[in-house]
Amino acid sequence: MSEQIVLLTGATSGIGKATAFGLAQKSFTLILPVRNLEKGEKIKQEILAKFPQSQIHLFECDLADLQSIKIFAENVKKQFSALHVLINNAGVWKNTFTLTKDGFEQTFAVNHLAHFYLTLLLIDLLQKSAPARVINVASDLHQGDIHFTDVELRKNYNGLNAYKQSKLANILFTRILAEKLKSSQISVNALMPGFIATDIFEDLPFFLRWLIPLVAKSPEKGAETTLYLATEPNLQVTGEYFKNKQRASSSYQSKNMETAQKLWNLSVQMLEQKGFQVPKL
Ligand SMILES: NC(=O)c1ccc[n+]([C@@H]2O[C@H](COP(=O)([O-])OP(=O)(O)OC[C@H]3O[C@@H](n4cnc5c(N)ncnc54)[C@H](OP(=O)(O)O)[C@@H]3O)[C@@H](O)[C@H]2O)c1
């Protein structure tokens with residue numbers, strides 16, 4: 001097999017870190033955007049210590065900063081002539097209302113908008129490299145609906161509701177992107193990694209946090225379905241939701257294509273409002 005190049009967000013911790021190790025073991029070339037280069041370099045050295053032949057390319061990229069995403073995508077396109085797998089894995093859970101550099105609520109901005117923008121900026125490179133795959137790390141917590149009248153929950157912020165909505169957005173984006181790309185050779189799928197002990201819960205109150213290691217699974221277990229979707233040779237599926245390396249059902253709302261298109265339009269509008277053009281699909 002010729003060189004397979006994968007771009008993975010959120011490789012500095014938890015499920016993403018375990019995914020990076022799994023991909024390095026399978027000899028993928030890794031493009032890793034990280035917001036903290038020092039932390040990224042440490043992970044890179046850990047991977048190299050275990051898999052010395054690994055090709056790992058670190059880039060600084062803050063997903064809470066649209067300009068940083070734009071520059072990163074431009075650099076990727078300058079330095080790489082192919083991209084076979086894009087894994088949108090990074091995520092946050094913010095118990096209090098916080099804003100990104102662009103002035104958007106952080107959970108919606110990082111978990112959905114940043115990955116929406118990054119994916120569209122890289123679509124032409126994926127298209128050129130087809131067959132290619134886009135993998136969105138969502139969650140079974142994708143319950144509820146998109147709050148179109150106040151998508152950033154500015155009037156009544158709640159960390160759990162913001163997180164749930166952002167994970168629903170991941171699945172709606174998966175379905176509509178798959179639909180828009182159905183005549184291409186790019187597959188788009190979403191997944192639930194499981195309930196995994198990671199830093200994502202660090203913002204929760206202490207009485208909830210201490211319970212997590214007792215009941216949650218390991219990051220390595222959490223990486224299994226992502227690795228399956230990235231590496232399974234004969235995967236012919238697109239627009240689906242996976243759990244435990246198998247197709248799984250997702251909520252009724254996550255299948256509503258009108259909602260998916262409405263979210264797409266809103267996402268484009270939010271980006272354009274800040275001066276960031278989105279490639280048309
Ligand atoms: N853990 C679970 O039980 C669970 C369940 C369902 C779904 N998920 C999903 O799994 C994915 C990975 O989460 P995790 O549990 O592994 O959490 P985690 O350990 O907290 O890892 C999150 C990753 O996202 C990165 N990140 C956050 N904000 C960023 C930003 N502004 N710019 C660049 N990178 C940023 C973090 O970077 P730093 O290292 O710099 O912080 C870290 O690498 C998320 O999408 C999450 O929603 C997790």
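The shell around the ligand comprises 17 nonpolar, nine polar and five charged residues (nonpolar: Ala, Val, Leu, Ile, Met, Phe, Trp, Tyr, Cys and Pro; charged: Asp, Glu, Lys and Arg; polar: the others, Gly among them). The model is predicted, with local features requiring a pLDDT of at least 70 and side-chain atom pairs counted only at pLDDT 80 or more, whereas totals for chains, interfaces and linings use all residues. Residues are numbered from 1 along each chain as its sequence is written, and side-chain values use heavy atoms, with hydrogens and water left out.

Mean pLDDT (the predictor's confidence in each residue, from 0 to 100) is 97 for the chain, and 100% of the residues score at least 70. Confidence is lowest in helix α6 (residues 206-209), with a mean of 84, and highest in strand β4 (residues 85-88), at 99. Helices (H or I, at least four residues) and strands (E, at least two) are DSSP runs, numbered from the N terminus.

Of the 31 residues around the ligand, those that come nearest are Thr12, Ser13, Lys39, Tyr163 and Thr198; a residue is near if one of its heavy atoms lies within 4 Å. Oxygen atoms of the ligand lie 2.6 Å from a polar side-chain atom of Tyr163, 2.9 Å from a side-chain N or O atom of Lys167 and 3.5 Å from a backbone N or O atom of Gly14. The elements contributing two or more residues to the shell are α1 (14-25) and α5 (159-180).

Notes. Polar contact = N/O pair within 3.5 Å; in protein donor to acceptor, adjacent residues only side chain to side chain.
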